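Open the model in your viewer and keep the sequence beside it. We will go stop by stop, selecting a few residues each time.

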Amino acid sequence: MHIAVLMLVFMTMANQAWAEATKPVKLVVLGDSLSAGLGLPAQEAFPQKLQKALRAKGIEVDMTNAGVSGDTTSGGRDRLDWSVPEGTDGVIVELGANDALRGIDPDLARAALTDIVQRLKARKIAVMLCGMVAPPNYGADYAARFNSIYPDLAKRFDVPLYPFFLEGVAADAKLNQADGIHPTAAGVDIIVGNVMPTVEAFLGTIAGQRR
């Protein structure tokens with residue numbers, strides 16, 4: 001009798017652990033217009049296309065597009081608590097393009113991103129950073145100060161980094177809308193394809209922490 005009860009307890013515990021490990025990972029993409037999908041139908045935005053690509057590989061995620069057009073790193077920090085609800089497993093941070101375009105002091109962007117990462121980690125939420133590169137018009141000194149933010153923070157906080165969100169898309173007229181800044185649907189496809197290995201590794205880490 002005791003053995004049967006113990007077996008039932010163990011099976012229940014195992015089933016609960018399996019359910020926890022296999023339920024969809026709740027992901028939030030905290031970003032600006034580049035991830036929000038400015039100028040595109042909702043289903044063509046980065047978070048939606050990333051979710052579709054992951055599902056094609058059998059990886060289930062519950063994806064939230066928390067991109068706000070025009071947002072800076074400081075804007076993302078200010079709305080962090082309501083953009084990332086309780087129960088979120090991981091956040092992909094895609095912020096900084098507007099800081100660079102406006103020539104905002106890199107120290108301010110660094111401080112805002114630092115605060116975002118620290119606050120998410122304090123909530124036991126995994127973080128992945130997507131880097132940005134400063135345009136050349138502000139000079140080499142500005143670029144060096146800005147471009148170093150992302151690798152520095154990734155190393156300091158031991159979080160995964162995709163070095164440049166627009167890799168393979170930036171400055172290619174065929175892959176950008178008429179403004180020359182925001183990706184077309186084809187451009188988003190390239191971004192998703194490029195970022196997938198980093199995202200898959202990120203999700204693997206989250207899954208490992210659930211066990």
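Which residue of strand 5 does Cys130 stand opposite? Select Cys130, then look across: the residue is Tyr162. Bear in mind throughout that this is a predicted model.

**Stop 1: strand 4**

Now select strand 4, residues 126-130. Strand 4 and strand 5 run parallel, joined by 2 bridges. Show the side chains of strand 4. Ala126, Met128 and Cys130 point one way. Val127 and Leu129 point the other way. In a regular strand, side chains alternate between the two faces of the sheet. Buried or exposed? All of these residues are buried. With 5 of the 5 residues buried, strand 4 is largely enclosed by the rest of the structure.

**Stop 2: strand 3**

Move to strand 3, residues 90-94. Strand 3 pairs with strand 4 over 4 bridges, in the parallel sense. Pick Val91: Val127 of strand 4 stands opposite. Then find Val28, whose bridge partner in strand 3 is also Val91.

Strand 3 has 5 of its 5 residues buried, so it is largely enclosed by the rest of the structure.

**Stop 3: the core**

Which residues have the most contacts inside the largest nonpolar core? Select Leu27, Phe46, Leu50, Ile92, Met132 and Phe146. This core has 58 residues. Next, colour helix 10, residues 185-210: it gives the most to the core, with 9 residues.

Zoom in on Leu50. Leaving aside its neighbours within four places in sequence, Leu50 is in contact with Met63, Ile92, Val192, Val195, Met196 and Val199.

**Stop 4: helix 9**

Last, select helix 9, residues 149-157. Its buried residues are Ile149, Tyr150, Leu153, Ala154 and Phe157. Why are they on the same side of helix 9? Because they cover an arc of only 125 degrees around the axis. An α-helix has 3.6 residues a turn, so residues three or four places apart point the same way.

Turn to the other side of helix 9: Lys155 and Arg156 are exposed there. Now show what covers the buried residues. The cover includes helix 7 (106-122), strand 4, helix 8 (140-147) and strand 5 (161-162).

How values were computed:
Residues numbered from 1 in each chain as written. Predicted model: local features only at pLDDT ≥ 70, side-chain atom pairs only at ≥ 80, totals over all residues. Heavy atoms only, no water. Buried < 20%, exposed > 50% of the residue type's maximum accessible area, 1.4 Å probe, protein only. Arc of directions from axis to C-beta. Contact = heavy atoms within 4.5 Å. Core = buried A, V, L, I, M, F, W, Y, C linked by side-chain atoms within 4.5 Å. Pairing = 2+ DSSP bridges.
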